[in-house]
Amino acid sequence: MNEFKSDFLSTLQSRGYIKQTTHEAELDAYCSKGVPVAYTGYDATADSLHVGHLVSIMMLRRLQQAGGKPIVLIGGGTTKIGDPTDKEKSRPILTEEQIAENAAGIRKAFEAYLTFGDGPTDAVMLNNADWLDGLGYIEFLRDVGKLFTINTMVKQDTVARRLKNEQPYTFLEFNYTLLQAYDFLELSRRADCMMQLGGSDQWGNIVAGTDLIHKMDGNQGFGITCPLITTASGAKMGKTVGGAVWLNADKKSPYEFWQFWRNTEDADVGRFLRLFTDIPLAEIERLEALEGAEINDAKIALADAATTMLHGEQAAKDAKESAAKVFEQGASGDALPTFDISKGDVEAGMLVAAGFSAAGLTKSNGEARRSIKQNAAKLNGESVSDENATFSLSDFDADGLATLSIGKKRHARLQLS
């Protein structure tokens with residue numbers, strides 16, 4: 001293991017963030033003096049980021065904690081193309097209105113992880129549409145395109161895989177690497193940003209940016225990638241049966257977010273505590289050494305810390321108390337995700353199976369029926385045995401609430417409206 005002199009790189013290494021770096025010695029020197037500036041880019045393909053983005057967000061947080069300046073780059077321009085990296089097919093093209101709405105939604109989560117402002121180490125959020133939208137195509141090809149060779153570009157994993165599998169790889173997508181490299185060049189000029197952070201799937205694009213900065217301006221840019229996080233069982237980080245674990249509370253409640261971390265596999269607890277919390281390393285070593293049932297204490301510490309960081313201390317406390325009620329008392333907790341259903345639909349004979357899909361516990365009524373057949377579905381703590389069962393008003397308490405459960409870990413409430 002290399003010994004870094006800078007606080008930033010030392011922290012990244014000790015907590016498991018580093019997969020690859022460019023020019024390691026020079027990078028360490030850059031991070032050791034003055035205020036190092038780094039950015040990570042996020043295309044506006046959805047109105048929230050999810051847990052899969054959290055490693056790169058935390059890297060920006062570590063930079064700011066070490067006295068550096070983070071830049072969050074929203075891809076208002078590159079979203080119009082779509083990053084082909086690690087994709088087996090082209091992404092749908094979004095309208096400018098959709099991109100603007102998504103960008104506004106993405107902004108929400110960052111306030112929890114970074115301090116924004118006008119100070120030397122305060123984070124800023126920029127949009128690459130500010131410079132990409134005004135690019136002249138001929139001028140861009142003349143000044144930038146001439147510095148990229150097709151020979152190198154077709155060797156990139158995404159391109160090579162698509163071509164090998166005879167899948168379409170459009171000329172539009174082929175330009176993405178050039179534009180991401182140009183972003184790095186622009187940020188180096190506009191904001192003295194000489195470092196790009198990202199997942200290891202972005203390595204080729206990051207290196208293209210450092211090369212472009214060197215060729216056009218004679219300066220040295222740097223790149224750091226983090227590993228693509230999978231769970232101990234091989235699942236992709238942030239993906240659950242119920243879909244992506246979104247960061248925005250209107251897409252995934254604080255209770256569901258807390259519950260996601262509480263359900264971490266035993267083998268992942270120590271790694272996730274290092275990556276996704278600010279808990280000191282000495283305490284993490286104590287927690288990950290717990291065995292047997294005590295490992296649940298470490299999982300609760302992880303859930304508490306991760307949820308507090310994003311949603312606040314009170315939301316984490318409410319989620320924890322609701323989980324205790326659900327699991328220990330079989331009661332409905334106030335922090336459970338709650339979904340409205342029409343009283344008229346219930347009176348008309350709404351299927352209980354439809355309630356499970358309305359509450360987001362299953363993706364369809366068919367999946368709900370299968371869960372009922374497998375004796376995995378409960379209404380107010382009682383097993384549902386009939387896949388054609390319908391709701392009655394008596395299933396709802398005086399406040400118009402009913403609790404649904406799939407298995408032992410997934411719970412939600414229905415609210416009559």
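The model is a predicted one, in which local features need pLDDT of at least 70 and side-chain atom pairs count only at pLDDT 80 or more, while totals for chains, interfaces and linings use all residues. Residues are numbered from 1 along each chain as its sequence is written, and side-chain values use heavy atoms, with hydrogens and water left out.

Next I looked up histidine 411, which lies in S13 (residues 410-416) and is buried, with a relative accessible area of 7%. Its bridge partner is serine 405, and the side chains of these two are also joined by a polar contact of 2.8 Å (a pair of N or O atoms within 3.5 Å; within protein, one must be able to donate a hydrogen and the other to accept it, and residues adjacent in sequence count only if both atoms are side-chain atoms).

Then I checked pairing, which requires at least two DSSP bridges between two strands. S13 pairs with S12 (residues 401-406) in the antiparallel sense over six bridges, and with S9 (residues 338-341) in the parallel sense over four bridges.

Last, I read the order of the open five-stranded sheet as S9-S13-S12-S10-S11, with mixed pairing. S9 and S11 (382-383) stand at the edges with a single partner strand each, so one side of each is left without a neighbour in the sheet.

Methods. Helix = DSSP H or I, 4+ residues; strand = E, 2+ residues; numbered from the N terminus. Buried < 20%, exposed > 50% of the residue type's maximum accessible area, 1.4 Å probe, protein only.
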